[in-house]
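Hello,

Here is the structure we talked about passing on.

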Amino acid sequence: MTLMKSCLGAAATMALSAGAALADPAIIFDLGGKFDKSFNEAGHNGAQKWAEETGKDYLEIEIQSEAQREQALRRFAETGANPVITLGFAMSAPLDEIAPDYPDTTFVTNDGWSDAPNVLNTVFSEHEGSYLAGIVAAMASESDVLGFIGGMDIPLIRKFGCGYAQGVLATKPEAKVISNMTGTTPTAWNDPVKGGELTKAQISQGADVIYAAAGGTGLGVLQTAADEGILSVGVDSNQNHLHPGKVLTSMVKRVDVSVYDAMMKGEDLEPGVRVMDLAHDGVALAMDEHNADLITDEMKAAVEEATAKIIAGEITVHDYTSDDSCPVIDF
Amino acid sequence: MDKMPKWADVALIPFLNLLIAFVLSGLVILAIGENPIKALQMMISGALGSSYGWGYTLYYATNFIFTGLAVSIAFKAAMFNIGGEGQAMIGGLGVALVCLYIPFPHWSVALLVAMAGGAIFGAAWAIIPAYLQARRGSHVVITTIMFNFIAASVLNYMLVNVLRVKGSMDPASGRFPETTHLPTLHDILAPLGISFSRAAPVNVSLFIALIACVVVYLLLWRSRLGYEIRAFGLSPDASVYAGISPFKIIMIAMILSGGLSGMMSINNTMGEAERLVLNSVEGAGFIGIAVALMGRNHPFGVLLAALLFGFLYQGGSELSLWTKIPRELVIVIQALVILFTGALDNMVRGPVERIFINYAKRRAG
C-alpha cells in the first residue's frame, strides 16, 4: 500500500468513527480556552453563528499545551477539514511547518502570520481601534492619568498600547499614560489576580480609566476597576455587559466576523491576506445599553470624526509592529 | 502460603485497578451525557487503529519510558524523585543548546551529543537536591518539587530573553538545523517496504528508550552498583553496616535518575518539535511517577505502563479532537487511572491478597 493510500485510509477511518463529514471547517482555540470572554470567545461566537445559520457542524479543539498545536493542525488537516482556522499569534511557527504538507487545505490565522501559500493571514488593525478607545478614555478621565494593562509583553500588545496612547494624547496632550505588562509568557493571558493587582497599582498612581488588552487577565482588571469605582475599557469581545455602567467601552476585534466569513466560504476560501481595519469594520468600539450612560454625545462625535479621518487617511495611527517603537510612550 | 502468586501481583492487580478506573471514567462520561462505549472505541481506534495513532502512542510512551525509568532507579535507592518534570525541562534546554550552537555533520552524531547534553543538564538539576538530601537531610521530595518551579522559571527566562528569535512573539527557540533532525519511524521503515504514517512524531529515540530499559535492568540486577543501590533502598542502616556509603548511593542514584529524565528531551524537543518551546515536557515528569508505580519499578513493567499511558494520552487527545467532551474531563479520566494504579493500589491489593491466602489455606486444609 502506498503512503497516500494509507494516509487516506487512516483519515477515512477516523472521519467515519468520529461521525464527522469531510470538509467540515475546524477551529483551534488557543491556551486561553474558548470561554475566555475575550479573543477566543469572539472566535467561538463566530463559529456558533455560522453553525446556527447553516445547521452544519464544525470541529473544534481547545489546546492544553504549547506542544499540542502541531498535532491539532495535522489531525484536522488529515481528516480533510477545510478550512482550518487558528486563533492566536503562537500558531505562526507551527503553520510554517505544517501548512506546506497539506496543500489542499486552507489554513486561516487570526493574529498569526505564515508565508505558506495556502494560508489566509487575517491581520487586525488594533492600533486604530485602540486609538478610538484612547479618545473616549481621555474624554472620560478627570484625573488625566490613563492606565494601560497588557497581557504578555509582545509587540502585538504594545501595538494596542501605542495606539491607545496616541488617541489619548491627541485628545488631551497634557494627559499621562501609564503602562504595565502582566508577564512575558503565555500564562500572562490568564492571570486575573495579577491583573487586579496591577489595576490597584495604577489607581494609586492616579489612573481613573484603565484599558486592558490582556485576554483572561483583563477580567481581573475590569473587576477591580468596577470594585474601586473607576472606569475600564474591555478588549476583543464586547465586555461592556460584564460590569454594566463600569466598563466605558470595549475595543472589539471582529474575530467573530473573520471566523464566520472563513467558515461561510468553506472550501472556496482563498489564501492571502485579509486586513481587518476600521474601513473594513475589523475593529470597533462597542456601544450598547450597558455603556449608554457613560458615552456622551461629544465622545460619539469625536469617535466618528476620528474614524472618518483614519479611513480617509488624514490621521495615520502609528503601528508599533511596523518599526518596533512607539513615538509617544515607552514600554 | 503468606503471599499471592507472582502473576497476580504483576498482572491481575494492575488489571483490576485499570478496570475500576475505566468503569468510573465511564460513569463520569455518562454523567455529562456522552456515550462511554463510543468514547472508549474512539480512544482505541484513535490511539491504536492506525499507524498514525500508533505513532503518537509510541511517541508519548517513549517520553514515559525515560521518566518512568528515572523514577524507578531513584526509588530503588529509597529516593522519591518528584523532580522529573524540572529535570526534563532543563534537559530540554541542554538538548536545545547543543542542537542550536554546535554544527553537526549528521544526525547520528547530533543524537549522541544531544543525549549527553540532555543527560548532563538533567543530572546537574538533580545533583543539588541529592546533595542536600545526602549531606543536609533536606527531604528530597520537597526539594525536587521546589526545583520544578525553579526549572520552569529558568526555562521562561532563557526562552524569553536568550533563545527567542528576534521579531518573534512566541517564547520559543529557533528551529534546529536540518542535520539534527532525527529520522522518524516512517523514515526508518520505508526502506524495508513498510509504510508508516509520515505525520506521526515517533522517532529513533524510541529505540534509545528500549535500550535504556535493558541497560537499567542490567545495572540494577546484574551489577555490583545495582546491588548496592537496591540494598541501600531496602535497608539503609543495614547497608551502612555492610560498608555501603549512603552519600555515594544517593548521589549516583539521583544523577542517573536526573540524567534519564533529561534524556527524554531527545524525543520531544529534538525529535518532535525540533525547537524548544515552553511546556514541552507536557507533564511527562509526573506521569513517570505513575508509570514507575504501576510498573513495579521494573524496567519491563515500566515499558508496559508507559505504553498504557501513551495510549491514554493519545486516546485522550483524540477524544478532545472529535467529541465535545471538554478537555478538563479528559484530564479527569487520565487522573482516575493514575489515582487507582498509583495511589490507591493498596485498596485492591489487600482484598485480593486475602482471597488468595484464604483460598490457599482452604486447599491446604
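Two residues are in contact if their C-beta atoms, placed from the backbone, lie within 7 Å. In chain B, 78% of the contacts with a separation of 6 or more are between residues 24 or more positions apart.

Some ground rules. This is a predicted model: local features need pLDDT of at least 70, side-chain atom pairs count only at pLDDT 80 or more, and totals for chains, interfaces and linings use all residues. Residues are numbered from 1 along each chain as its sequence is written, while chains are lettered from A and ligands numbered from 1 in the order in which they are written.

Chain B overall:
- It has 16 helices and zero strands. These are DSSP runs, numbered from the N terminus (helices: H or I, at least four residues; strands: E, at least two).
- The C-alpha trace spans about 75 × 60 × 40 Å along its principal axes.
- The radius of gyration is 21 Å, which agrees with the value near 21 Å for a compact globule of 365 residues. It is taken over C-alpha atoms; the globule rule is 2.2 Å times the number of residues to the power 0.38.
- 50% of the 365 residues count as buried (20 or more other C-beta atoms within 10 Å of the residue's own, with C-beta atoms placed from the backbone).

Chain A, strand β10:
- β10(A) covers residues 247-253, and seven of its seven residues are buried.
- Strand β9(A), residues 231-236, runs parallel to β10(A), with five bridges. Pairing needs at least two DSSP bridges. Gly234(A) has Ser250(A) as its bridge partner.
- β12(A), residues 283-285, is antiparallel to β10(A), with three bridges. There, Val283(A) stands opposite Lys253(A).

Best wishes

Note on methods: Buried ≥ 20, exposed ≤ 12 C-beta atoms within 10 Å, placed from the backbone.
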